[in-house]
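Have the sequence and the model open side by side.

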Amino acid sequence: MNCFQQSSSKDIRCLEFFSGIGGLHYAFILSETGGKVLASFDINLVANSVYKHNFGKDPITKAIDSLTVEDIEKYKANCWLMSPPCQPYTRGGKSLDEKDQRAKGLLHLIDILPKLSDSPNYIFLENVLNFEKSKCREKLINQLCLTNYEITECLLTPLQFGIPNDRLRYYLMARKRTNTCELNDVILPDEYLKNVEINKTWPLPIMLKKDYHQEQNHLESSEEDVFNIPSLSTYLEELNEEEIKNYFVPEKYILKSYNFKFDIVLPTDHKCSCFTKSYGSHHIYSSGSLIQTKNLEFTNYNFENPSSLLNLKLRFFTPEEVARLHTFPLKFQSSITQGRMVQRSCNNLLKSNYNGPYLDFPENISIIQKYRLLGNSLNCFVVSELLRYILFL
């Protein structure tokens, strides 16, 4: 017996909550599932201006925690895509969790779910590491179990998809069961929370089963494919002498960073660290990797003597390079030729029949604003794969 609500491949109708610059929207397009994003919701006016610039429509600025059942039901959506604020759960924050005002929107959606006359068939949520330990996640799991959803949870990084960016994130995919499911198929919240194992590998274990492969015929997944990660150089722009000056790390930022072991990478490296919304500012410690552009043979860094790092001519990744590593579709991308999974990602973005919008920033958006918006966003390719092979299975 098929226990899941089914929609045709062209009938996925999404609401995008906490939309930002549209990472979830791009991921949905790249998943090639079929369907459309009916409306997006966000109160960040700068992010909304970028969203409108690329998608041609304004996100709804009504606070999510004030949405009514009628506000949501009028769209007749069967899918929710969510990327709620991460600050309540980040290691560097106050860890207020459900008591943080920025969690109100998510908590409201959790509360409103059983009040809908027809709850969505599909729910997707992305957030930071530690969300899996939060009270908000516990409340969400409780509600999903009680409203008859099957749940898949993951902690995954783009490195597992062949992309040289270590951005570990929590993902939840939930599919609504039909009312005809056998009683013993339904899992109670306490039982789920006690026994669940959050997936930390890709492909997921179920995807490696023979019958799954035969049915889906999707991943060309061998260990070599998944871990053949190209060098960072394939993601870098070719900057002339004038352009590169805009991205050199100011000497004063380096000199004041005594004994801070910030992440320095070479163009030949195959991994860079996660970019946060503080990237590009004076917070050069733990906000993202810095590229060494001179004396590339020198890697014995002395962080107790910051002045010794000045001749390395460290620079920030440009916003476009960050967007590439987050696999946003861009009009002008470097040729990435290594790694089958990365090739596939770029083919998705650049193939001739791609009919979605490309990420472009309005002229009035500053470099720092671009970094903040990208740091608050997600990896489009990773999400598209999860939508394609887990949520919309």
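The largest nonpolar core has 72 residues, and Phe-124, Phe-317 and Leu-359 touch the most other members. A nonpolar core here is a set of buried Ala, Val, Leu, Ile, Met, Phe, Trp, Tyr and Cys residues joined through side-chain atoms within 4.5 Å. Buried means under 20% relative accessible area, exposed means over 50%, and partly exposed is in between (1.4 Å probe, protein chains only). Helix H14 (residues 380-391) gives the most to this core, nine residues. At least three residues come from each of domain 1 (13-208 + 379-392) and domain 2 (232-376). Those bounds come from an automatic or database domain assignment.

This is a predicted model: local features need pLDDT of at least 70, side-chain atom pairs count only at pLDDT 80 or more, and totals for chains, interfaces and linings use all residues. Residues are numbered from 1 along each chain as its sequence is written, and side-chain values use heavy atoms, with hydrogens and water left out.

Look at Leu-359. Leaving out residues up to four places away in sequence, its contacts include Ile-21, Tyr-26, Val-50, Phe-328 and Leu-374. Contact means heavy atoms within 4.5 Å. Another core lies apart from the largest one. This other core has 39 residues, among them Ala-39, Leu-116, Cys-136 and Leu-155.

Now turn to helix H4 (residues 104-112). Its buried residues are Gly-105, Leu-106, Leu-107, Leu-109, Ile-110 and Ile-112. What covers them? The cover includes strands E1 (13-17), E3 (79-82) and E4 (122-128), along with helices H3 (69-73) and H5 (135-146). Helices (H or I, at least four residues) and strands (E, at least two) are DSSP runs, numbered from the N terminus.

The loop between helix H6 (189-195) and helix H7 (210-216) holds Val-196. Val-196 counts as partly exposed because its relative accessibility is 26%. Beyond residues up to four places away in sequence, Val-196 touches Arg-137 and Glu-153. Thr-152 is 44 residues from Val-196 in sequence, yet 9.2 Å away in space, C-alpha to C-alpha. Pro-203 is in the loop between H6 and H7 too. A cis peptide bond joins Trp-202 and Pro-203, with omega about 0 degrees.

Most residues other than glycine have a negative phi, and most peptide bonds are trans. Phe-18 has a positive phi, near 60 degrees. Phe-18 sits in the loop between E1 and helix H1 (23-30). At 13% relative accessible area, Phe-18 is buried. Lys-313 also has a positive phi, near 50 degrees. Lys-313 lies in the loop between strand E10 (290-292) and strand E11 (314-316). With 34% relative accessibility, Lys-313 counts as partly exposed.
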